[in-house]
Amino acid sequence: METATQHHVEVLARLKANLESCILGKSSEIELLLTAMLAGGHVLLEDVPGTGKTVLIKALARSINGQFRRIQCNPDLLPTDITGVSIYHPKEEKFLFRSGPIMTNILLVDEINRATTKTQSALLEAMEEQSITVDGDLHELPSPFLMLATQNPIDFEGTYTLPEAQLDRFMIKLSLGYPSEAAEKLMIASQSKAHPMEALHAIMDTQLVLKMQEEVRQVHMDEAVADYLVTISRKTRDHQAVFLGASPRATLSLVMASKAYAFLNGRDYVIPDDIKYLAPFVLGHRMILQMEARMDGITIASVLHTIFEQVRVPVRLEK
């Protein structure tokens, strides 16, 4: 890698350490979050309450010195509470747009599946186009724009199922889970006097994030590796246990996520292991199993495992 890129990788290592000081024992999950940020994708965190989802997102916003806004979802939330609204100004005799919390770099949509489907749909244009339309006028969102949504498991009271179209716009879905016993003991000791967030400082700014995103696009993906990725994606549509497989958008998301993960690990090229590692987090939430398959105990993870075994891994032989 070039010197500038090596410097960026070192900065990312410090950024990761910054986040790990707030969320203990979740190194892999933090890597996935940074992967999505570098790829310009959105993240859905599904977990039980109290596992540190909100703290992690706030720590990321502070670490990149980005503007941060939070939306707490509930059934009474309206689409205009997210996007903003045009208000008539008597003195100027015209309508003026008053932006909502979506006009930010880092948007935390807390408990997204407690909002109604109509309110959830207000986020679709922003997630795909990085813009919103209010009263026929187009408003561009700040750049970079990263939406991080948390949701409770669907069997929790007062939750709504996210529509397939919205799930497909999340690049990565992950779960933090409960900390290990050692991490939980360390958490008690580290927060006995003050929360680590209070001492958190910015590692980079949003302009550096944009530069890194440009470098991620230049990461090389060999044709054989690209064929491997496409084959995995297409086989999710042909599997007999799958009702709805990965979309072409999912394929593109896996490409960008693989490039970002390679960049995060100091490489300027993608290897098959990147794709195999990321596929469950990028493709899993976009797949829907047949009813019969679910009744037989088949899971998305087992389907992807079967597909990995069927697809030949490209190997380059060096003399």
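Reply: The largest cavity holds about 70 Å³ of space, in a model that is predicted. A cavity here is a set of points on a 1 Å grid over the protein atoms alone where a 1.4 Å probe fits but cannot get out, and lining residues have an atom within 4 Å of a point. Grid points are joined across faces, edges and corners, and the volume is the space filled by probe spheres set on them. The structure holds one cavity of 30 Å³ or more.

The lining of the largest cavity is made up of Ala36, Met37, Gly40, Gly41, Ile64, Asn105, Ile106, Pro144, Phe145, Leu146, Val209 and Gln213. Two or more of these residues come from each of helix 2 (27-39) and helix 9; helices are DSSP runs of H or I with at least four residues, numbered from the N terminus. By class, eight lining residues are nonpolar, four are polar and none is charged. In this scheme Ala, Val, Leu, Ile, Met, Phe, Trp, Tyr, Cys and Pro are nonpolar, Asp, Glu, Lys and Arg are charged, and the others, Gly among them, are polar.

Gly40 and Gly41 also belong to the lining of the largest pocket, where they lie nearest its centre together with Ala39, Met127 and Met171. A pocket is an open set of points with protein on both sides within 12 Å along at least five of seven lines. The largest pocket has about 440 Å³ of space and 19 lining residues. Helix 6 (124-129), helix 9 (206-217) and helix 11 (248-264) each give two or more residues to this lining, and helix 11 provides the largest share, four residues. Eight of the lining residues are nonpolar, seven polar and four charged.

The largest pocket lies between domain 1 (1-208) and domain 2 (219-310), because both give residues to its lining. These bounds come from an automatic or database domain assignment. The domain centres, taken over C-alpha atoms, are 24 Å apart. Across the boundary, 22 residues of domain 1 are in contact (heavy atoms within 4.5 Å) with 22 residues of domain 2.

Met127, from the centre of the largest pocket, is also a contact of Gln166. Gln166 sits in helix 7 (residues 164-167) and is buried, at 0% relative accessibility. Buried means under 20% relative accessible area, exposed over 50% and partly exposed in between, with a 1.4 Å probe and protein chains only. Beyond its neighbours within four places in sequence, Gln166 touches Ile112, Gln120, Ser121, Leu123 and Leu124 as well as Met127. Gln166 and Arg286 are 120 residues apart in sequence, yet 9.6 Å apart in space, C-alpha to C-alpha.

The second largest pocket has about 370 Å³ of space. Its lining numbers 26 residues, with Ile23, Gly50, Thr51, Gly52 and Lys53 nearest the centre. The classes here are ten nonpolar, eleven polar and five charged.

Residues are numbered from 1 along each chain as its sequence is written. In this predicted model local features need pLDDT of at least 70 and side-chain atom pairs count only at pLDDT 80 or more, while totals for chains, interfaces and linings use all residues, and side-chain values use heavy atoms, with hydrogens and water left out.
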